[in-house]
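Please consider the structure shown below.

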Amino acid sequence: MPGLADLRHLPSVDRMMNLHSIAPLLERHGRVVVTDELRGVLVDIREAVKAGADVPDEAGVLASLISRLGYLDKSNLRPLFNLTGTVLHTNLGRALLAEEAIAAAVDAMRDAAALEFDLDTGRRGERDSHLRELLCELTGAEDATIVNNNAAAVLISLNAIGAGRQAIVSRGELIEIGGAFRMPDIMERAGVELVEVGTTNRTHARDYIKAVGPETALILKVHTSNYRIEGFTAEVEGAELARIARDLGVALLNDLGSGTLVDLSRYGLAKEPTVREAVAEGADLVTFSGDKLLGGPQAGFIVGRKHLIAEINRNPLKRALRVDKIRIAALAATLKLYRDPDRLGERLPTLRMLSRKQPEIRAQAERLLPQVTSLLQRQGYGVEICPCSSQIGSGALPVDTVPSAGLRITAASGSALEGLASLFRSLPRPILGRLQDGAMVLDLRCLTDENSFIASLSEGTGHALA
């Protein structure tokens, strides 16, 4: 077969491994990995030669090895440009951390830290103590604790105060969160019997009062942050529910879901109930997320009555759901930013991106238009500035959008747009937009580094589209 005789010229594994130019690969990947991948490269080359390809020299083999190791080293968990128009995109990691939180997390990673050690007494301490005072200060609650996400916060709260007993919930609040996790399922796992009251669209105070019995442990109020029922509706507000729970001797757990510590209306967004408001209304426990509207890393906060928080902390699930020193450090730094509300919108990326005004984003689109047009037009794509609407994401304010601006890319066919989207996803720093109404829309609300965006786009158009 043509080329088989040339296989004797193919460099051996030993010869390749002794090359001076292989040293950087050994330093980065280790001898075992490099050797295994080199053998794989040589197998592929032999198969190609049998099919008629030429035998590469040492430089060609090395290039194939570098490419193979690069693919092996490539991670899908890498930075990308979120131009989807969803600021808190669950599939893209939700909130970006403030610089203060990043620095605190790095410090915690680099050195030992007094995570569960009391420096004043020299005895064992509690990891929650690093956040408890801050949470109580910012929410007005008696006590606070933390777990790894809000679903866990609801789970452990229900289990700690209601296991083996009943929890009353409005039918209109039996939500399903991302990944098909449903509130009834969480309640079942918590060992709590679900008692539904009211109807999908209307629930009244008398429905709760009628349902309370000897086996009732709590009333659960769930903020429907990821959907909204409109029209002929009725619900019982938190303050009234707190009075009902108190009069009937049961606890009220208010799950705020995405949660927020500030009035979002001051940033031009729709009003959402704040944690402080829920506490002031009389809820015995309030649960909320750390990585959504709060703008920190993933976490679930539980604030409320001191004796109930103590019950939760004694629950065996607490150890299974606890967070590590890195997240605690980042959360503490994030919460401290809320002590200075006048500068919060500048320092917290979530609020900074959500509060950007449309004229500012349109000006950015005007700056980018000539460069993007130059890169894509010769490939048959049209580019124009377009108004668009951003959404908060992660279940927060589901029907409210924020006016934004972006670049609308059109092509002769839908397959061409699909191809462009695929190309953008394959870049070293991927670009994610959204396909909408026969075009790809790049919403620029979350774009902070224009130079890197153009550089990444140039790389894609210079190679794959050439």
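Predicted model: local features only at pLDDT ≥ 70, side-chain atom pairs only at ≥ 80, totals over all residues.

Residues are numbered from 1 along each chain as its sequence is written, and side-chain values use heavy atoms, without hydrogens and water.

Rings of Phe, Tyr and Trp (its six-membered ring) pair if their centres lie within 6.5 Å; planes under 30 degrees apart count as stacked, over 60 as edge-to-face and the rest as tilted. The count by this rule is two aromatic pairs.

| Pair | Centre to centre | Angle between planes | Class |
|---|---|---|---|
| F81 and F453 | 5.7 Å | 80° | edge-to-face |
| F288 and F301 | 5.1 Å | 35° | tilted |

F81 belongs to strand β1 (residues 81–82) and F453 to helix α19 (residues 450–463), so this pair ties together parts 372 residues apart in sequence. Helices (H or I, at least four residues) and strands (E, at least two) are DSSP runs, numbered from the N terminus. Both F81 and F453 are buried, that is, under 20% relative accessible area, whereas exposed means over 50% and partly exposed in between (1.4 Å probe, protein chains only). F288 is buried at 0% relative accessibility, and F301 is likewise buried, at 0%.

In helix α4 (residues 58–73), the buried residues are V61, L62, L65 and L69. They cover an arc of only 95° around the axis, so they lie on the same side of α4; the arc is that of the directions from the helix axis to the C-beta atoms. A59, S67 and Y71 are exposed on the other side of α4.
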